Amino acid sequence: MKLLSNPDLFKLSALIFVSFVFFYLGKHWSDGSQQLVFFSSESNKGGNAAVSLSPNLDKSFNISSLISQNQNEATPNSSPDSDKSSSPALVPHSPPPPEFKKFGIVNENGTMSDEFEIGEYDPDLVETNWGNENGTESTAAAEKDWETGGGGGRISVKRFAICPVSMREYIPCLDNVEAIKRLKSTEKGERFERHCPANGTALNCLVPAPKGYKTPIPWPRSRDEVWFNNVPHTRLVEDKGGQNWISKVKNKFRFPGGGTQFIHGADQYLNQISEMVPDITWGHHTRVVLDVGCGVASFGAYLLSRNVITMSVAPKDVHENQIQFALERGVPAMAAAFATHRLLYPSQAFDLIHCSRCRINWTRDDGILLLEVNRMLRAGGYFAWAAQPVYKHEEAQEKHWEEMLNLTTRLCWELVKKEGYIAIWQKPFNNRCYLSREEGTNPPLCDADDNPDNVWYVDLKACISRLPENGYGANLPPWPDRLQTPPDRLQSIQLDAYIARKELFKAESKYWNEIIESYVRVLHWKKFKLRNVLDMRAGFGGFAAALIQQKLDCWVMNVVPVSGFNTLPVIYDRGLIGVMHDWCEPFDTYPRTYDFLHAAGLFSVERKRCSISSIMLEMDRILRPGGRVYIRDSIDIVDELQEIAKAMGWHATVRDTSEGPHASYRILTCDKRLLRA
């Protein structure tokens with residue numbers, strides 16, 4: 001009784017009783033608002049604490065409303081689609097996880113802690129419009145919606161459908177039949193140029209492989225043979241079998257190494273050229289070559305063993321699969337046509353340009369096509385022409401030869417050697433000859449403000465591209481020294497640079513060499529079947545140079561996007577190959593032509609211009625089954641790309657960069673699986 005008469009003790013007892021009542025009522029008669037996670041202190045047989053899960057488990061929440069209201073207490077979404085199944089009272093017991101640090105004030109065991117770190121954020125990488133009032137990006141085959149699951153936001157993408165079998169060789173910008181039908185004229189080869197699908201009609205499905213498709217034969221065996229089922233087309237065998245191009249033997253295509261004008265083999269033909277002009281010196285002064293009308297690219301295939309890399313080009317014409325055969329062999333190649341637009345290569349790109357029966361009338365329209373060759377040919381470079389007008393003594397052929405001589409003389413080209421069925425000219429080293437011609441001589445010099453490196457949808461011009469007065473582009477170091485030597489044209493590239501350009505060049509080379517060295521050492525890249533590689537945002541070509549430094553037996557198509565600075569001249573001056581391209585449009589190659597796609601910082605730029613799911617679908621189209629993709633980009637973009645990759649059937653994994661788990665960038669690595677319709 002004395003205890004009850006003590007007022008302080010009585011108040012304390014009443015407070016404890018009221019607290020217990022409110023706690024009990026709140027736990028058992030809650031109106032459905034958010035509840036806590038309760039931890040039991042009772043030990044079980046395993047000796048671990050049991051956890052009672054909140055009834056809010058697996059419910060979906062409207063994240064945008066939580067952020068826009070900026071409230072401390074969130075209200076669960078009462079959507080009828082919410083999962084209403086009851087949660088188990090206990091979770092299976094497991095050993096406690098290892099300790100690790102993370103941001104926040106709740107440790108891994110769910111208890112409050114005052115031992116935490118405060119992280120910093122980059123405001124440029126933080127999504128501020130989480131609510132996304134206008135809806136998320138979508139295509140006809142990919143609908144995205146924000147969800148919550150596992151305690152974080154993610155994008156869910158519906159699986160893409162497989163395209164019809166008829167599209168297994170589909171090149172969107174070269175197979176646009178409706179656009180080609182609307183052309184006013186096709187007499188100059190307009191039908192072989194780019195005519196991309198209109199917005200909203202782009203590829204929205206996965207291009208299937210042909211029936212019986214097999215893992216490609218690895219290089220160097222693939223130079224001489226490929227699987228028939230991978231490129232199941234026999235027209236070239238029927239048309240060119242007698243010219244030593246290609247033959248079919250059982251379940252394979254064989255490539256004897258011949259051509260229309262070199263029936264005794266590409267090696268003998270290359271020896272003949274180097275004997276005609278010793279200064280050509282394959283793999284030394286002559287490193288980068290363009291082969292026009294390349295056939296199945298045996299010319300370029302055999303130059304590879306002489307340390308020469310060749311861009312083999314041909315239109316998708318009656319022999320429409322010649323580029324596909326070249327790429328299946330593991331030889332650099334691209335669909336392209338001399339028609340009405342500049343080719344997508346810079347000025348002074350090639351040390352030698354070769355045409356063997358390429359079926360191009362170089363003298364038409366005041367020599368406008370040979371003027372395009374002149375634009376791309378390096379100062380002091382060579383043009384090798386093997387064709388009937390060189391050696392046939394027929395009236396029509398002799399007339400054509402005289403026209404060619406007249407045109408090349410007005411271009412200030414020197415006929416260095418004519419032997420058998422080959423003629424070789426050399427381009428001048430400077431503008432001195434051009435300026436000394438008689439007044440009114442055609443073709444004229446291009447205007448001083450004409451940029452010969454501007455190539456994206458630029459019409460051909462019937463004028464001579466001027467050479468830089470400072471000699472940039474000429475007198476490069478021999479291969480392989482030129483690979484790591486900052487070229488003079490580095491100074492003429494438009495860049496937002498605050499430090500010396502040579503230092504930028506060297507820093508990029510060092511950066512990629514260290515990364516590729518770690519890939520080779522840790523991820524065992526030398527065990528990969530890397531052959532055809534595409535760098536989707538090449539910069540100065542440091543990624544490709546690093547692959548060469550690490551002695552990986554592959555070649556790289558360096559793509560310079562139109563959305564950035566035009567660094568293509570630097571790439572070619574290093575002895576590499578590349579092309580200008582807009583990734584908001586499809587690439588000019590066949591499906592299944594690259595083993596490896598690399599994209600560093602690409603999607604951060606292009607997402608502001610076009611659909612990133614369309615770019616991913618294009619990557620799937622040109623990637624071989626079994627091929628790999630490495631994407632380095634910001635965290636938010638990588639998370640979205642991972643969901644798109646899964647929707648395409650890729651096996652996708654997110655990895656930390658060398659900067660560690662708190663870096664603002666991640667690496668998305670993907671493997672493509674074989675899909676058939």
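## Disulfides of the model

Cysteine 446 and cysteine 463 are both buried, that is, each has under 20% relative accessible area; over 50% is exposed and anything between is partly exposed (1.4 Å probe, protein chains only). The structure is a predicted model, in which local features need pLDDT of at least 70 and side-chain atom pairs count only at pLDDT 80 or more, while totals for chains, interfaces and linings use all residues. Residues are numbered from 1 along each chain as its sequence is written, and side-chain values use heavy atoms, without hydrogens and water. Helices (H or I, at least four residues) and strands (E, at least two) are DSSP runs numbered from the N terminus.

Six disulfides (pairs of cysteine sulfur atoms within 2.5 Å) are present in the structure. With the bonded cysteines numbered in sequence order, they pair as 1-4, 2-3, 5-6, 7-8, 9-10 and 11-12. Cysteine 446 is joined to cysteine 463 at an S to S distance of 2.0 Å. The torsion about this S-S bond is about 90°, so the link of cysteine 446 and cysteine 463 is right-handed. Cysteine 446 and cysteine 463 both lie in the loop between helix 12 (432-435) and helix 13 (501-522), so the bond ties together parts that are 17 residues apart in sequence.

## Two further disulfides

The sulfur atoms of cysteine 163 and cysteine 205 are 1.9 Å apart in their disulfide, and this link is right-handed, with 105° about the S-S bond. Cysteine 163 is in the loop between strand 4 (152-157) and helix 4 (177-181), and cysteine 205 in the loop between helix 4 and strand 5 (225-227), so parts 42 residues apart in sequence are tied together. Cysteine 163 is buried at 2% relative accessible area, and cysteine 205 is buried at 11%.

In the disulfide of cysteine 584 and cysteine 610, the sulfur atoms are 2.2 Å apart. Here the torsion about the S-S bond is about -80°, so the link of cysteine 584 and cysteine 610 is left-handed. Cysteine 584 belongs to the loop between strand 17 (577-581) and strand 18 (594-600), and cysteine 610 to the loop between helix 16 (602-606) and helix 17 (612-622), so the pair ties together parts that are 26 residues apart in sequence. Cysteine 584 is partly exposed, with a relative accessible area of 31%, whereas cysteine 610 is buried at 19%.

Seven strands form an open sheet in the order 10-9-8-11-12-14-13, with mixed pairing. Its edges are strand 10 (333-335) and strand 13 (414-419), each of which pairs on one side only. Pairing of two strands requires at least two DSSP bridges between them.

Strand 11 (residues 350-356) and strand 12 (residues 377-386) pair in the parallel sense over six bridges. Tryptophan 385, in strand 12, is the bridge partner of cysteine 355. Helix 6 (residues 266-276) lies across strand 11, strand 12, strand 13 and strand 14 (422-426). Helix 11 (residues 395-410) lies across strand 12, strand 13 and strand 14.

## Salt bridges

The count of salt bridges comes to 32, each being a side-chain nitrogen of Lys or Arg within 4 Å of a carboxyl oxygen of Asp or Glu. Aspartate 351 forms one with arginine 378, with the closest N and O atoms 2.9 Å apart. Aspartate 351 is buried at 6% relative accessibility, and arginine 378 is buried at 5%.

Arginine 489 and aspartate 573 also meet in a salt bridge (2.9 Å, N to O). Arginine 489 is in the loop between helix 12 and helix 13 and aspartate 573 in helix 15 (residues 568-573), so this pair ties together parts that are 84 residues apart in sequence. Both arginine 489 and aspartate 573 are buried. The side chains of aspartate 582 and arginine 609 meet in a salt bridge at 3.1 Å, N to O. Aspartate 582 lies in the loop between strand 17 and strand 18, and arginine 609 in the loop between helix 16 and helix 17, so parts 27 residues apart in sequence are tied together. Aspartate 582 is buried at 8% relative accessibility, while arginine 609 is partly exposed, with a relative accessible area of 38%. Through shared partners, salt bridges join Asp351, Arg378, Arg482, Arg489 and Asp573 into one network.

Notes
Contact means heavy atoms within 4.5 Å. Axes are lines fitted to C-alpha atoms, for helices over the stretch in contact, and angles run from 0 to 180 degrees between N-to-C directions.
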